[in-house]
Amino acid sequence: MWQTRSEDLSLFKNRNFALQMLGFFLLQTMSLDHAFLLPNYIQLVNGKSALLAGIVVLPAGCVSALLCIVGGRLYDEHGARKPVLLAGTCVLLEVAVMFLLVKQLTPVTIGVIYPFYMGGMAITMCCIMTDALNQLPASRPRGTRS
């Protein structure tokens, strides 16, 4: 049967879970911003084709996919804190470098810098989501009786 609205939102009474979900939401928003802005920047500001813009951001997506696996292993070995701090530093450094170089950005510089951002995001987001879910109390599967 369907859960009521109050039951669905009761997860957010867990402060740690709620804060980690807020962080995850903000990171996801940043990631979507980058995914939208960088290809448009390459096309509109640098005057390059959509094909080139896609080719420039493609390696970052591949790095992200591979580093999700690394993020999971780091989480298993060290918990969430160390991987999130390390990967979050990569994300912040990428944002700072992009900000400082905004007038000199070329497709090549974006292609070199952007994978650091996506790699940091991959590790950070997988660790935050896993740790947030681990904050919730274990529950029995639906349809079982105690």
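From the N terminus onward, the elements of the protein follow the order α-α-α-α-α, giving five helices and zero strands; helices (H or I, at least four residues) and strands (E, at least two) are DSSP runs numbered from the N terminus. The model is predicted, with local features requiring pLDDT of at least 70 and side-chain atom pairs counted only at pLDDT 80 or more, whereas totals for chains, interfaces and linings use all residues. Residues are numbered from 1 along each chain as its sequence is written, and side-chain values use heavy atoms, without hydrogens or water.

Of the 146 residues of the protein, 30% are buried (buried, under 20% relative accessible area; exposed, over 50%; partly exposed, in between; 1.4 Å probe, protein chains only). Among contacts (heavy atoms within 4.5 Å) between residues at least 6 apart in sequence, 79% join residues at least 24 apart. The accessible surface comes to about 10,000 Å², 68% of which belongs to carbon and sulfur atoms, as computed by the Shrake-Rupley method with a 1.4 Å probe, with only the protein chains shown counting as cover for residues.

Helix α5 comprises residues 107–134; at 1.5 Å a residue, its 28 residues should span 40 Å, in agreement with the 40 Å between its end C-alpha atoms. The expected span is 1.5 Å times one less than the number of residues. A kink of about 30° is located at I113 in α5, shortly before the proline P115, the bend being the angle between axes fitted to the seven residues ending at a residue and the seven starting there.

In helix α2 (residues 15–45) lies F25, which is exposed, with a relative accessible area of 52%.
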